[in-house]
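Take a look at the model first, then read on.

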Amino acid sequence: AGGPPSMAGGPGRCLGLAWQGTGRLPPPPAPSLCPAASSRSSCLCSCPCSCPSTSSTAWPSAAPGSKRLPQAIIVGVKKGGTRALLEFLRVHPDVRAAGAEPHFFDRGYERGFGWYRELMPRTLDGQITMEKTPSYFVTKEAPARISAMSKGTKLIVVVRDPVTRAISDYTQTLSKKPDIPTFESLTFKNRTTGLIDTSWSAIQIGIYAKHLENWLLYFPIGQILFVSGERLISDPAGELGRVQDFLGLKRIITDKHFYFNKTKGFPCLKKAEGSSKPHCLGKTKGRTHPNIDREVVQRLREFYRPFNMKFYQMTGHDFGWD
Ligand code: A3P
């Protein structure tokens with residue numbers, strides 16, 4: 001059962017993967033067809049244990065709904081604002097999302113789709129299953145692998161000014177390893193000539209046009225939504241409106257859901273998912289960045305400009321970084 005599960009929306013062969021290694025369920029009796037799936041295009045994988053519990057052959061389960069492979073994934077970018085977007089989207093009653101980053105298409109692919117599906121929350125018919133793993137955007141194999149799961153997967157990329165993104169990335173590393181060299185010294189291969197070290201991941205990730213080319217080999221541009229990380233902060237409801245439209249969801253998340261928390265310096269939710277209390281993201285989101293030498297910032301702006309222009313051209317959207 002090494003290949004991807006049937007995703008065609010019709011009955012598919014049971015791959016017998018969902019129970020493996022979980023220690024919770026015995027193996028299903030025998031490979032079987034997902035029953036009468038024509039009315040349930042979301043019956044993705046056809047093991048009895050993963051079919052909707054209304055199904056006649058459903059494996060017994062106390063919880064309602066079933067685990068499905070994601071129909072939409074936030075694939076990037078690291079430090080773009082991916083956690084904020086997912087937390088905001090979860091407020092929607094028709095969105096259910098895995099909490100932690102699964103890292104399936106970059107680090108866990110050998111574990112198989114059954115393992116991946118087990119990480120997903122249960123959903124009812126009509127609800128969308130989502131996950132976010134920002135490193136997918138820069139993983140060479142990810143587009144082909146996601147396309148092999150389903151060509152119809154909707155992809156979301158939160159992008160942010162690549163210079164600020166690089167500094168944010170560095171700030172995160174610095175918080176874990178205070179002894180690393182300065183941002184300025186890591187930026188250059190040769191500071192005298194101004195040669196940028198593009199092999200440093202903090203720099204590399206921000207060359208969005210280059211990474212996007214890889215995705216366009218497998219997905220049409222219309223299947224990828226680009227969310228502005230800057231607008232997600234200045235106008236979260238506006239960006240969430242675009243995301244809900246893209247996902248085919250009713251516009252339920254509006255400006256009524258947000259307030260600006262002055263202490264945090266960011267928009268927060270008036271009520272978090274499943275709670276009546278206000279909720280801001282944690283301390284690791286919205287860190288204070290160190291001051292970076294202005295000339296170095298300037299040199300980085302020059303470096304990214306042509307890649308940004310290409311990216312604006314490819315996406316048909318000027319993100320206003322230049
Ligand atoms: P900084 O910590 O550098 O400010 P990710 O979740 O992809 O790691 O992105 C983290 C970034 O999300 C933060 O980077 C912050 O700028 C941004 N962000 C966007 N909306 C936010 C919000 N409402 N609360 C906190 N951070 C938010």
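The buried residues of helix H10 pack against helix H1 (82–89), strand S6 (154–159), strand S9 (224–228), helix H9 (229–234), strand S10 (258–261) and strand S11 (266–269). Helices (H or I, at least four residues) and strands (E, at least two) are DSSP runs, numbered from the N terminus. This is a predicted model, where local features need pLDDT of at least 70, side-chain atom pairs count only at pLDDT 80 or more, and totals for chains, interfaces and linings use all residues. Residues are numbered from 1 along each chain as its sequence is written, and side-chain values use heavy atoms, leaving out hydrogens and water.

**Helix H10**
- Among the buried residues are Pro236, Leu240, Val243 and Phe246.

**Nonpolar cores**
- The largest nonpolar core has 30 residues; such a core is a set of buried Ala, Val, Leu, Ile, Met, Phe, Trp, Tyr and Cys residues joined through side-chain atoms within 4.5 Å.
- Helix H8 (208–216) is one of the elements that each supply at least two residues of this core, and its 4 residues are the largest share.
- A second, separate core of 27 residues includes Ala237 and Phe246.

**Whole chain**
- The chain has 11 helices and 11 strands.
- Of its 322 residues, 50% are buried.

Notes: Buried means under 20% relative accessible area, exposed over 50%, partly exposed in between (1.4 Å probe, protein chains only). Contact means heavy atoms within 4.5 Å.
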